[in-house]
Each structure stands twice: as C-alpha cells, then as structure tokens.
Amino acid sequence: MSTIETPDDLPDIQVIDIRSGNRSTPFEHRVVPVSQTTKAIKALEKDRPGVQLTDDAILRIAYSAVEPDLLADLRPELRRVETGWLTVINYRAYTLMLSPAIENDRLLDEVHYAADPNTVARQRVLSMPTAHETDAALVYTDPMDALLDAVDRASKKVKVQNKQEVGRRIVERALTAVPVVFLNPGRHPAEDLGLVDGNSRWASCTAHVPAPTGLIGPAKDKERPSLLPSYLMSLPLTDRRSLVREVIKKAYRDIKAASGRSKAARAKRDQAAALLNAMTVPVEVVIGYTDDDPNMGMQRFPAAVRSLLMRMNIGVKEFEDASKHGITAEETVTALFDAGELGDNAQAVKDVLLGRVDITDPMKTLGLSALRDLRFAFIAQQLTRKEPRLNAITAAKLDKRSLQLAGRSGLVTELGLRSYSTFLGEGIKPVRTALESGCLWKELIDHEWTVENIDNDQAVDDLLQCADNGDIPAKLLLGVLAMVALVTSGNLLAPGGSAEQIVNHTVMRANIGTVIKAVLEREEGPQVLADAIKRIRGGLRPRWWADGRLVEPDDWKGSDFNAHLRLVALHGFNPEGETSGLSSTAREEKALTNFQASLTGATNHLDDLVRLRKDNGTADQLSWAAVEASVKQLRRMSRILDRISEEEPLG
C-alpha cells in the first residue's frame, strides 16, 4: 500500500459524509451491529415476482449494506436485456464485502486458453459460469484454488491498467454485482457477491487497504502490500464484516494519533481519510431474472448478465475492440447453443468454438484432429453458415441490422486466436491486426462448405486435387487453412508497409481474406497455398513458385513472402513485363484474370463504403459530382463486356 503525499497547495483530504438521511450531527463511519440487519433480511426473504435469491445471498446483501435499514423499504427495479428482465436493487455497500469478477472481461484477449495445447493448466482461462437451477446466481465449477488464483491475477492487472482516482473523493458511479456460487469451494465459503462491472473501481479502492500483518509475516519493506481478493473470499461472512469494522476503527485511530501540523502527520491523516472514503461504494445488485420464454427458467441468466455488462462498460476506459469482439463472440455462441442452432453435437461444437476447455475430445466427436488451423477453419465455417436464424442471432449480438463480413471477421478472429494464445506470445498482436483487417471473403458465405479432417500431408494433397477439379468447398477450405497458416507464421501481414518496394511493383493492398481469394484464382495459387500449409505445419518456411516449380528462397523473410503474395493477388505469377513466354491465348486469359481480380478489390471497397454509411446512419445520397466519373467508367466497362461476351443464358 502506497503512502499518500499531499502537495502543499492541496487541502487536507476530508472524510466524506455518506449518510442518506439527517446530516446535522458530525459524521463518523460506524459498522452497525448484525442485529440491525434483521429488517433487511426479512424484507429480502419476502416472496416477490422476479426475485430469486439464495439464503446466503440474502445475508451477504444485508451484511454488506452501509445502512441496512434502507433495504427494508427498497423497491426493486427492472433492467431490460435481450432475453428478458433483470431485477436489481441499489444501495451503498462496504467495498470489502464485495469481490471482483473471477476473470475480468476487459482482459479477455490477453488470457491463455485451453484450446492452445501450449497452455499449461495453471495458466488456463476458466470455464464460463453456468446458471443456477432456481436462483439468480452465477455458478462456477472450477476448483477454488484456480478461481482464487485467477481473481488475484485479474485484480492486480486491472489495478495497473485502469487505475481510478479514489480517496480524495468517493466512488460515485455504481458497481454492479451478482450472487455467485462455487461448486468446489473446499475450505472456503461456497457463495459470494461478485462484481460484473466496476472491477477497476474496486481495485483502486482496495489499493488503500493494507494486507493484515499475519498474511505476510515480518514486513521487510516499510509498507505493506494492499489486500488481495483471495483473502477476502476465504473469510466466513461474519469474519469478513468484522474485518471491515476493524479497518475503519484503525483508520480513525490513525487520524486521532496524527494530530500535529508536520508534513508526516498530515500525510498520515490523509492516508487514513482516503482509506475511509474508499471503504464504501454504490452498488447495483442483480437479485432476480425473468426470461421472455418461461420454459427457459434461469438457463439464460448468465447470458443476460453478460449482456448487461456490455452495455455498461462505457466509463473511464472503454473495452478494447479485441475484448469487445471476444465477449460478443462468447455471447453469440452461447445464444446459438441456447437456440439449438449448433446441430446434433451442440455441446462439442460449443466447446470447440469457445476454446475454454481442452478441445481434443470435442474435436474428435466432430471427426477432426485437434490442430490449431483446423479449429480456426471450423470456427470460420460455423460463423459463415447461411441459416437465417443463425444470422439473425449473430446480427443482434453485434447490434447491427444486417450481418456484414467485417462483423463476422471480428468474432472469427478472437475465437480462432484462442488456439494461439500461448503459442504466439507477444507475437499475437500483429497476427490479430492482420486478421482484423478482414479474414473472410464473400464466397465463404455464398457457398455451403464443411471442414474435413485435413490433418496430414496426404490429406492436403487430396484437398488440392479436389480444388483443382473445380470443387468449390474444397477450394474454400484450402484457402482458409492456408490463410491461417500464413498469417500465424508471419508470412501474410496486414495491408500496409513496404511491400511495393520489396517487389518493385504495385501490390494488392486489400485485407488478407481478399488476398487469399485472389491467389486461389491464379493458376499456380492453390498449389503454393497447399504447399504452405504442409511446410508451416512442419515448422518450415513456405516455398514460392518460380521457373515452373516450387523453390525455397534463401534470404526471404515473412515480409518478402507477404509482398510477393500480394503481388500475385493483383498481377498473377507473371506480372506485366514478364509475360513474353506466354502464348497469345494465355496472355488473354491472364488479362481477364487480372481484370476480375481488380473488380473483386473494387467490390470490397464499395461494400466497405456501404457498411460505413449504414454504421454511421448516413441517409444523404452522394452528390452526382462525386460519383459521375465512376458511374460513367462502370457503364463503359459494362458496354465493352457486353460486346465481347456471350449473352447471359436464359433461366
């Protein structure tokens, strides 16, 4: 715990009066006796529509309240979420009677997932909480030691990454909590009040509270470390409340003892006053849930709480896009599972998509080996299916009127990267950037395709043969596997950089999905991509097509392969000026291919423009002056194509 040093020009920190009623008498924090919580407990025990609390949750709410008598007269409020109504109450609570989230969703893109075989058990992200059969509570199934380790790590990290100013002022924006149940508590309490919003505020408050001396032994340093949530969660409920009382009493003793005018005395008083101001927080506690579909009971309660969380994180520091995509992806998968949209092996599909458990057996159930790129391809296939119900659910979770490629791409990226969360380490950042540029292309949605068990070199060769024979689903699967292999190995990068300088030619500066699609259309493209899958899986550098065969350039880095891949996407394997060896017919075919590739890029740019106008709510039409040249060019191209092409077949 750090010592507060107050600049001379700032006034002393004052203990803020947090009473809700008469403030005519001097204020002093006082934890009321347990006997004064009786009225609150009886009020919470009343049978009310939309309220479902465990006996322990009732006690924890009453014991946590700074003014428990007010709970007796509180009227529950309703919060609308996508699947129903959450019932909540608001009051001021003692900070130490609440626990932070077991895992902070703000860090969802930084944790290690079981889908990556390199992740050891202690590092793994936990299983998602499940619903209680009858009550409004999140149920955690992991061992308690794993939960406590996770909550401490998350609390330490968020304290650094999203520090809040607490102490000179009190917390004014409400935290949100929900009752939680631990199925494997061991020697610890089996229930708690856990936060789903406000972890940063909680961590900043508890930074003022030193760990009890008995926890750390003889202190080598002058200052004691701040309290960790694992200690609070290990205490029986009454002991936890007694700790609150003792911390408050000691703070007042420190204020009275530091009565002098010296700088040290002032700092001691300020430190104690800041602690007292951090000891309470406004909190909104979820006490019930009513699903729009009565048959669902409490099954969708965890998803409802998660939905509320996403709308609430708009404060001091918003979630990063990667975290938002990760949360939305998990919400989407959970909603698809609840709606029965994941097929016959729904639990296995869900486990593979989320990647929070070892995926070996779930992948085996689906007829697939537990390879990283196969799982990524399976995620892409599942989230590009054309079923209307699936698309409607996904669009709703993305808060969009219609489902665009960019929206799907973000979900696929975050779920897919969970197989690389440990393997890539810090190298995951440029990979995420490349994938977020757009890792899908239109044909993945236009055509039905499946993921076959392409788990060895012969299977890759067979897939290539099918693709060369005109099998569109095989070609799509080949493209996705190659894209994943190339991106995660650093051989296909986000658009930008010095690619033109590397190849001394113009290159395709489109997203990686568009690049792969274009390369697939080149004559030698599928062979180069198939070879890359095999080589990268084997830990080797990908080879390139030159002089009619695959060769391994000696001095190429990932940026070189990326530049040549983007060159081929735009110009083919024989760019302009290198076509003298081709027949006149081949040159015509090449010219047509180049024209079609440029159309693909133009179409994607137009789709981006339309999507941006929708996202921005732009209703004004573009001026004729702005589009005249483009429209005339398109009309001219259409006339020329009509002149040199056969008529469109009837029917």
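Q: Let's start with E284. Is E284 buried or exposed, and why?
A: E284 is buried, because its relative accessible area is 7%. The cut-off for buried is under 20%. Keep in mind that this is a predicted model.

Q: What does the side chain of E284 meet in a salt bridge?
A: The side chain of R79. The distance is 2.8 Å, N to O.

Q: Where do E284 and R79 sit in the chain?
A: E284 is in strand β7, and R79 is in strand β1, residues 77-81. They are 205 residues apart, so the pair links distant parts of the chain.

Q: Is D291 buried or exposed?
A: D291 counts as buried, at 8% relative accessibility.

Q: Which side chain meets that of D291 in a salt bridge?
A: The side chain of R300. N to O, the distance is 2.6 Å.

Q: How far is D291 from V81?
A: In sequence, D291 and V81 are 210 residues apart. In space they are 9.5 Å apart, C-alpha to C-alpha.

Q: How many salt bridges are there?
A: The count comes to 34 salt bridges.

Q: Which residues are linked in a network of them?
A: D56, R60, D192 and R240 are linked in a network of salt bridges.

Q: What about D446, what does it pair with?
A: D446 forms a salt bridge with K442. The closest N and O atoms are 2.9 Å apart.

Q: How exposed are D446 and K442?
A: D446 counts as partly exposed, at 34% relative accessibility. K442 is partly exposed too, with a relative accessible area of 47%.

Q: Zoom out for me. How many helices and strands does the chain have?
A: The secondary structure comes to 25 helices and nine strands.

Q: What box do the C-alpha atoms fill?
A: Roughly 100 × 60 × 55 Å, taken along the principal axes.

Q: How much of the chain counts as buried?
A: Of its 651 residues, 51% count as buried.

Q: Pick a helix. What should α8 span, and why?
A: Helix α8 runs over residues 263-278 and has 16 residues. At 1.5 Å a residue, it should span 22 Å. The end C-alpha atoms of α8 are 22 Å apart, so the two values agree.

Q: Is α8 covered or exposed?
A: Mostly covered. In α8, 13 of the 16 residues are buried.

Q: On to the surface. Which residues gather in a patch of positive charge?
A: R635, R636, R639 and R643 gather there.

Q: Where is R643, and how exposed?
A: R643 is in helix α25, residues 624-644. R643 is exposed, with a relative accessible area of 61%.

Q: And which residues form a nonpolar patch?
A: L606, L609, V610 and L622 form one on the surface. Together they have about 340 Å² of accessible area.

Q: Where does V610 sit?
A: V610 has its place in helix α24, residues 584-616. V610 is partly exposed, with a relative accessible area of 38%.

Q: Where is N504?
A: N504 lies in the loop between α20 (499-503) and α21 (512-521). N504 is exposed, with a relative accessible area of 70%.

Q: What about D547, what is its phi?
A: D547 has a positive phi of about 55 degrees, and D547 is not a glycine. Its place is in the loop between β8 (544-546) and β9 (549-551). At 76% relative accessibility, D547 counts as exposed.

Q: Last one. Where is N453, and how far is it from T134?
A: N453 is in the loop between α17 (443-446) and α18 (457-468). N453 is partly exposed, with a relative accessible area of 29%. N453 and T134 are 319 residues apart in sequence and 41 Å apart in space, C-alpha to C-alpha.

Key. Residues are numbered from 1 along each chain as its sequence is written. This is a predicted model: local features need pLDDT of at least 70, side-chain atom pairs count only at pLDDT 80 or more; totals for chains, interfaces and linings use all residues. Side-chain values use heavy atoms; hydrogens and water are left out. Patches are made of residues with over 30% relative accessible area and no salt bridge: like charges are joined within 9 Å, nonpolar side chains (Val, Leu, Ile, Met, Phe, Trp, Tyr) within 5 Å. Accessible areas come from the Shrake-Rupley method with a 1.4 Å probe; for residues, only the protein chains shown count as cover. A salt bridge is a side-chain nitrogen of Lys or Arg within 4 Å of a carboxyl oxygen of Asp or Glu. Lys and Arg count as positive and Asp and Glu as negative; His and the chain ends are not counted. The place of a charge is taken as NZ of Lys, CZ of Arg, CG of Asp or CD of Glu. Helices (H or I, at least four residues) and strands (E, at least two) are DSSP runs, numbered from the N terminus. Buried means under 20% relative accessible area, exposed over 50%, partly exposed in between (1.4 Å probe, protein chains only). The expected span of a helix is 1.5 Å times one less than its number of residues.
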